[in-house]
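Please look over the sequence and the structure shown here, and then read the briefing that follows, which is grouped by topic.

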Amino acid sequence: MSDEKLGNTNCCLDQKTFYLCCQLFLHHSSVLGDGWSWREVKGVEGYMKKTVLVPGRLGSLLSQHGQHKTEEYIDIVTEEDQVDNVDGGTCSVCESQAVVHYEYHVLYSCSYQAPVLYFRASSMDGRPLSLEEVWNNVHPNYRERLLQGPWDTLTQQEHPLLGQPFFMLHPCRTEEFIRPILQMAHSEKRRVNYILAWLSVVGPVVGLDIPLSYSTAVTAPD
Amino acid sequence: MADDKDVLRDVWFGRIPTCFTLYPDEVTEREAEPFYLLLPRVSYLTLVTDKVKKHFLKVVKAEDVEEVWFEYEGTPLKWHYPIGVLFDLHASNTALPWSVTVHFKDFPERDLLHCPSSSVIEAHFMSSIKEADALKHKGQVIHDMQKKDHKQLWMGLQNDKFDQFWAMNRKLMEYPTEEGGFRYVPFRIYQTLSERPFIQRLFRPVSAEGQALTLGDLLKEVFPAAMCQDDEPKRYQVLVHGIEPLLETPIQWLSEHLSHPDNFLHISVVPAASD
């Protein structure tokens with residue numbers, strides 16, 4: 001991305017630069033061994049992928065008949081609390097500590113000329129987590145940021161390459177938070193790896209950690 | 001010669017006669033009669049099937065009811081695709097009515113998005129419109145519209161109000177005369193036998209030399225396999241709203257007149273009907 005463009009306030013990322021930034025990012029990832037890989041689609045078209053197992057909390061409703069049901073929009077509470085189920089009866093809610101399997105994909109959106117973060121989570125027995133459970137696994141420190149950030153919260157979307165349901169942070173307002181980063185770097189005559197800068201902002205909000213060593217090790221493409 | 005505006009109406013009012021049957025394994029208190037309905041091509045399954053749900057909920061036990069989902073010949077139907085696209089893609093060369101199976105249990109979590117309310121459909125619809133405008137006008141037109149204008153687009157679709165919808169949508173179909181067309185054409189090409197759900201690329205409707213590009217030019221660029229050689233029998237049909245537009249049709253014209261209400265040109269490539 002040339003420096004002159006920033007004067008025109010162009011924070012667009014083209015496909016080629018996306019590819020180059022990812023390759024530089026992946027190079028450091030392979031040094032750290034932190035699990036990112038490149039999935040090629042065709043030529044420079046592809047995406048970055050990482051899977052990770054983390055401890056998390058899964059909630060489930062136990063109905064009076066002892067059957068498990070996962071409700072989308074009911075608050076997950078502690079074992080002692082009772083909630084009403086839709087039939088007007090009562091049932092207990094319990095939360096269990098579990099290992100959650102997270103899968104993160106960094107794709108390029110040609111419509112928005114920006115990267116997009118897709119992710120999905122499942123329990124170890126393969127059950128996909130509901131939106132509610134994903135929300136509950138966002139660190140409390142990041143919940144505010146997730147609610148107020150320049151993205152229209154988490155929504156379930158079809159993965160454009162795999163066709164399966166993922167959660168996504170909408171990219172249409174990426175420019176709002178990437179612009180200050182790019183402008184500051186420009187004024188300090190530094191070049192920035194767009195993907196690293198972007199992922200450092202959106203990643204932690206959904207539980208994706210970017211170790212500090214990336215900031216010094218990863219360069220920007222020419 | 002048909003007026004271009006007539007095309008807009010024909011597209012909006014396109015219908016698919018559909019027969020809904022309950023999945024046989026779902027236990028009912030009495031026999032479940034099939035339910036017949038004309039589905040709008042341009043709408044979404046979960047938006048127009050309240051009557052279908054009501055009909056089958058009469059015979060299904062309350063405790064057996066979870067989120068409704070639809071399936072055709074074993075394939076879960078993606079409610080977030082326009083109905084006409086689902087039909088063209090999966091059942092275009094089959095006999096009408098379209099036979100769709102209704103399920104109230106065992107929601108296929110790995111295949112389908114959840115649809116807990118109509119506001120999810122609205123969010124999805126508006127998201128498509130915004131993305132289309134990002135491609136056509138860098139998002140400027142949708143950005144300049146007020147919230148009530150956005151609402152009018154959605155209400156127009158939800159309530160099947162052509163005039164209400166197009167009063168707003170015509171703004172999304174404008175472009176600077178000197179450009180000759182949109183910045184990029186919002187389109188998606190679907191194919192059943194591909195892991196990839198659709199093909200979407202940046203494509204300008206006007207060449208660098210100022211020539212209006214056609215449907216054929218688009219296919220040559222992004223999906224050359226769909227074009228057959230002159231001496232070969234036709235392998236594929238390229239369908240938009242159930243018809244095969246001539247490959248010479250300017251893509252700008254197609255985008256303005258044959259897009260869905262979500263402002264995308266949805267193109268289904270299916271195997272040519274064998275005699």
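Is D149(B) buried or exposed? D149(B) is buried, since its relative accessible area is 7%, where buried means under 20% relative accessible area, exposed over 50%, and partly exposed in between, with a 1.4 Å probe and protein chains only. This is a predicted model, in which local features need pLDDT of at least 70 and side-chain atom pairs count only at pLDDT 80 or more, while totals for chains, interfaces and linings use all residues. Residues are numbered from 1 along each chain as its sequence is written, chains are lettered from A and ligands numbered from 1 in the order in which they are written, and side-chain values use heavy atoms, with hydrogens and water left out.

**Where chain A and chain B meet**

- The contact, meaning heavy atoms within 4.5 Å, takes 23 residues from chain B and 23 residues from chain A.
- Chain B and chain A bury about 2100 Å² between them, 47% of it on carbon and sulfur atoms, where buried area is the accessible area (1.4 Å probe) that two parts lose on being put together, summed over both.
- Of the area that chain B buries against chain A, 28% comes from R110(B), L113(B) and R196(B), more than from any other three residues.

**Salt bridges**

- E45(A) counts as buried because its relative accessibility is 16%, whereas R201(B), at 23%, counts as partly exposed.
- Within chain B, K148(B) forms a salt bridge with D149(B), the closest N and O atoms being 3.6 Å apart, and K148(B) is exposed, with a relative accessible area of 57%.
- Salt bridges that share partners join E45(A), R196(B) and R201(B) into one network.

- E158(A) has its place in strand β7 (residues 154-158) of chain A, where helices (H or I, at least four residues) and strands (E, at least two) are DSSP runs, numbered from the N terminus.
- With a relative accessible area of 9%, E158(A) is buried.
- The side chain of E158(A) makes polar contacts with the side chains of K78(B), at 2.4 Å, and H80(B), at 3.2 Å; a polar contact is a pair of N or O atoms within 3.5 Å, and within protein one must be able to donate a hydrogen and the other to accept it, while residues adjacent in sequence count only if both atoms are side-chain atoms.

- Helix α6 (residues 194-202) of chain A is mostly covered, with eight of its nine residues buried, among them W198(A) and L199(A).
- N193(A) caps the N-terminal end of α6(A), a side-chain oxygen lying 3.1 Å from the backbone nitrogen of I195(A).
- V218(A), in the segment after α7 (213-217) of chain A, counts as buried because its relative accessibility is 9%.
- Leaving aside neighbours within four places in sequence, V218(A) is in contact with residues including N193(A) and L196(A).

Notes
Salt bridge = Lys/Arg side-chain N within 4 Å of Asp/Glu carboxyl O.
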